[in-house]
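Hi everyone, thanks for coming along. I have a structure to walk you through, so let me put it up on the screen.

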Amino acid sequence: MKALKETLLGRWSIAMTLVFGTSFMAQAQDTPDQKTEYVYNQKKNPLGFDNYLMATYYYNGKQTFNLRNYVVSETPGTVKSLKVNPSGSSFMLLSQKKDKNRVSVYDMWKAKKKIGEFKNINDVSAIAYTPDAKSIVLATSTSIDFYDARTYQLQSSIDVPFVAKEIAVSPNNYSLAATDGSSLTVWNLETKTVRKEFTVTEPINGIAFSDDSKIFAVLTADGLMSTYDTQSFLLTQSYDAMGNAIACAFHPNGKYVAVVCSNTRIAIVNLMDNTSRSYIDNEVGGITDVRFVNGSDGSIFMVYNTAQNITYKLMSELAPNYTKLLADELNEKMNEWMKQMPNESLEEYRLRVNEDTRMAQMRLFEQEIATRMADNLISMSDVSLGNYSMESNMLAINFDNMPPIYLEVPSTEVNDFMDSQSLEFQNTKYGLTNNDKFELIYADVHNRASGKTYVYNNLERRSLEYLKLDEEFVPLAVIQQSNMQELKLQEIRENVISTAKESNTISDHTHIAVKTNVVSSTDADGSKIMNYVTDFSYTVEAGFSGQEDFGPGKYKVEQSGAALSMLAIIQQAFEGEFAPYVKSGKKLQVKVTGMADALPINGKIPYDGCYGDYTNEPVYKNNDLGSISVTKAEGITQNEQLAFLRALGVKDYISNNIAGFSTMHTDYKYHIEVTSGKGGEFRRISVQLTFVDAF
């Protein structure tokens with residue numbers, strides 16, 4: 001009964017933490033601002049911790065605890081390291097008893113349930129999971145070994161000339177970094193070859209990759225944080241005055257890094273502006289680590305430990321990464337702009353889209369996006385008049401939230417500028433600087449004192465530099481080739497739809513969409529490559545999905561005319577005109593999204609095992625990595641399982657019908673969505689195929 005109670009309480013604690021509900025948060029210690037900081041008192045000192053989303057586990061001595069102070073595992077030896085499976089299904093402990101180390105794996109949802117152990121490896125010095133949750137990484141005295149995260153079978157090894165005390169895997173699974181404190185090496189995970197050996201003069205305290213895998217940070221004992229571009233692993237910036245530089249973590253937007261400077265202080269460093277730095281001080285002491293985690297509503301929390309508690313601090317005061325947001329929207333707009341329009345002739349298209357017009361259009365989009373994001377920043381600024389140059393006839397106008405501008409004013413009119421309050425800024429346009437700050441790039445400045453208007457025009461500034469667009473650019477010829485192929489794909493789509501309608505598989509109420517794109521990227525060696533991306537999706541109008549798509553409780557692709565028609569387009573395309581992209585040995589990434597509605601499942605829907613049994617399979621839910629299980633014996637009791645099985649049906653169809661894909665290195669990623677709406681129009685699938693290094 002006691003074990004059952006601990007199991008149920010453990011599940012409840014994690015569930016409440018994941019949901020991050022108000023009732024659970026109210027049990028935290030009161031703080032000066034209850035809305036932005038939550039402090040969880042602990043009976044034992046959290047020596048180290050790790051998270052799955054909002055759930056935190058920590059260790060002390062031989063025991064591991066959750067936030068409710070319940071013991072979730074006990075080991076024979078002292079725990080030295082704790083790593084939570086990125087999918088949230090389990091956690092792994094490295095413990096030491098006398099001179100022997102042991103690695104154990106525990107179920108995250110059941111208290112004290114050990115599900116795996118590496119008994120015959122006594123010299124493990126560091127542990128990690130790969131970010132896709134598929135592999136366990138163990139560092140030993142001679143190697144770094146990779147094991148299947150579910151079967152615990154050895155997959156591969158890398159010989160290492162030192163005993164690693166810390167290892168880190170980049171989120172894109174391209175790079176592995178390991179250090180013993182005095183040596184630091186980065187390997188290409190695909191080829192298991194060395195990419196970079198660092199020469200350091202100070203002890204290394206910590207290493208970390210950014211969430212987008214583009215930045216690598218190294219902390220050294222002299223209080224220095226050095227960042228490296230992972231494309232070349234060359235030094236990009238050094239940040240000093242970091243105290244003891246104990247540990248660090250990247251903010252998900254890539255703009256900030258939290259650094260534990262001492263056991264009482266954390267620094268928040270703005271990577272894009274070295275002059276911008278803030279601190280969090282906690283006199284309790286005992287801080288050893290820090291994390292950023294996503295809240296359920298899209299908010300970001302920083303989590304850190306002290307000698308008495310685990311603290312969650314809402315990081316709403318940190319400004320967004322405007323450069324990244326602008327770049328993402330700019331790319332999306334340019335991708336659409338560069339497509340050939342309906343009824344646009346090839347000659348008209350080439351006149352509209354060329355290298356010169358492409359850059360001009362990018363500049364216009366950049367100004368449009370930045371101006372919208374700035375949200376009339378000048379109206380919130382304290383404006384003041386600056387110095388005047390008699391040589392250039394330029395008057396400085398200062399803002400407290402932007403760089404100054406310089407307005408051309410004849411010397412005979414300078415006396416008209418006596419009060420900044422008389423200035424009115426009209427038709428304003430904004431841009432972004434290379435340190436992610438807004439700046440005014442155009443304004444009609446009206447001086448109400450004289451009735452005169454002066455034009456400030458910096459539209460031709462060297463904009464877009466901060467986006468490093470030379471590296472992001474895809475050659476126009478490749479874009480145009482992709483556009484031509486999209487037209488061919490549309491023809492295939494029309495032919496398949498026509499045939500499907502003739503056979504009454506679907507009707508005019510089913511709408512299938514296809515799209516192609518070329519994306520600039522890098523490979524595991526940092527070399528520039530171009531990926532060919534094709535998207536396939538469909539919608540079925542309400543009232544017709546029951547006949548043309550998945551019915552309630554249905555999950556096999558054969559049960560959906562809309563899904564079968566979409567997959568038939570993929571098959572015809574890549575067995576026909578698009579077959580050149582199907583190259584043996586090349587990488588293919590398949591993102592399959594399975595969707596379900598919110599119609600309750602009463603009881604259990606039988607599962608005939610047609611796609612196999614899955615236990616703790618890594619899947620993405622709302623873009624967060626999680627896990628899901630579905631077996632023939634247990635059947636289907638949740639809509640998430642229906643969404644997952646619909647996604648599995650795509651893999652089954654591709655494996656059985658498109659032979660060429662089986663010759664590629666194919667990586668399937670399953671995304672599942674359960675909508676709040678009820679109805680067949682919410683039960684569907686979509687597919688994205690990314691042919692890596694296709695050109």
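Let's start with β36 and strand β41 (residues 685–691), which run antiparallel and are joined by five bridges. Within that pairing, Phe 536 stands opposite Val 687 in β41. Before going further, a word on what you are looking at: this is a predicted model, where local features need pLDDT of at least 70 and side-chain atom pairs count only at pLDDT 80 or more, while totals for chains, interfaces and linings use all residues. Residues are numbered from 1 along each chain as its sequence is written, and side-chain values use heavy atoms, with hydrogens and water left out.

On terms, two strands pair if DSSP finds at least two bridges between them. Helices (H or I, at least four residues) and strands (E, at least two) are DSSP runs, numbered from the N terminus.

Strand β35 (residues 510–522) and strand β36 (residues 528–540) pair in the antiparallel sense over 13 bridges. The two strands form a hairpin with five residues between them, and Gly 526 there takes a positive phi near 85 degrees.

A second hairpin is worth a look. β33 and β34 have four residues between them, and Gly 451 in the turn has a positive phi of about 80 degrees. Strand β33 (residues 438–447) pairs with strand β34 (residues 452–457) in the antiparallel sense, over six bridges. Which residue is the bridge partner of His 446 in β34? That would be Thr 453.

Now the sheets. Four strands make an open sheet in the order β2-β3-β4-β5, with antiparallel pairing. At the edges are β2 (48–52) and β5 (71–74), each of which pairs on one side only. From one strand to the next, the twist averages 20 degrees. Inside this sheet, strand β3 (residues 55–60) and strand β4 (residues 63–66) run antiparallel and are joined by four bridges. There, Tyr 58 has Phe 65 in β4 as its bridge partner.

Another open sheet has three strands, in the order β29-β30-β31, and its pairing is antiparallel too. β29 (383–389) and β31 (405–408) stand at the edges with a single partner strand each, so one side of each is left without a neighbour in the sheet. Neighbouring strands of this sheet are turned by 30 degrees against each other on average, direction ignored. β29 pairs with strand β30 (residues 394–399) in the antiparallel sense over five bridges, and the bridge partner of Tyr 388 in β30 is Leu 395.

On to the helices. For these, axes are lines fitted to C-alpha atoms, for helices over the stretch in contact, and angles run from 0 to 180 degrees between N-to-C directions. Helix α3 (residues 322–337) packs against helix α5 (residues 355–374) at an angle of about 135 degrees, with their axes 9 Å apart. That makes α3 oblique to α5; angles under 35 degrees count as roughly parallel, over 145 as roughly antiparallel, 65 to 115 as roughly perpendicular and the rest as oblique. α3 passes α5 in a right-handed crossing. As for handedness, a crossing is left-handed if the near helix is turned anticlockwise from the far one by less than a right angle, and right-handed if clockwise. The contact (heavy atoms within 4.5 Å) includes Leu 325, Leu 330 and Trp 337 of α3 and, among others, Phe 365 and Ile 369 of α5. By class, its residues divide into 11 nonpolar, two polar and six charged. Here Ala, Val, Leu, Ile, Met, Phe, Trp, Tyr, Cys and Pro count as nonpolar, Asp, Glu, Lys and Arg as charged, and the others, Gly among them, as polar.

Leu 489, Ile 492, Arg 493, Val 496 and Ala 500 in α7 meet Ser 565, Ala 568, Ile 569, Gln 572 and Ala 573 in α9. Those residues divide into seven nonpolar, two polar and one charged.

With helix α10 (residues 639–657), the axis of helix α9 (residues 561–575) comes within 11 Å, and the two cross at roughly 35 degrees. The crossing of α9 and α10 is right-handed. Leu 564, Leu 567, Ala 568, Gln 571 and Glu 575 of α9 make the contact with Val 650, Tyr 653 and Asn 657 of α10.

Last item: salt bridges. How many does the structure hold? The count is 27, taking a salt bridge as a side-chain nitrogen of Lys or Arg within 4 Å of a carboxyl oxygen of Asp or Glu. In one of them, Glu 617 pairs with Arg 150, and the closest N and O atoms are 2.4 Å apart. That pair links distant parts of the chain, 467 residues apart: Glu 617 is in strand β38 (residues 614–621), and Arg 150 is in the loop between β12 (143–148) and β13 (154–159).
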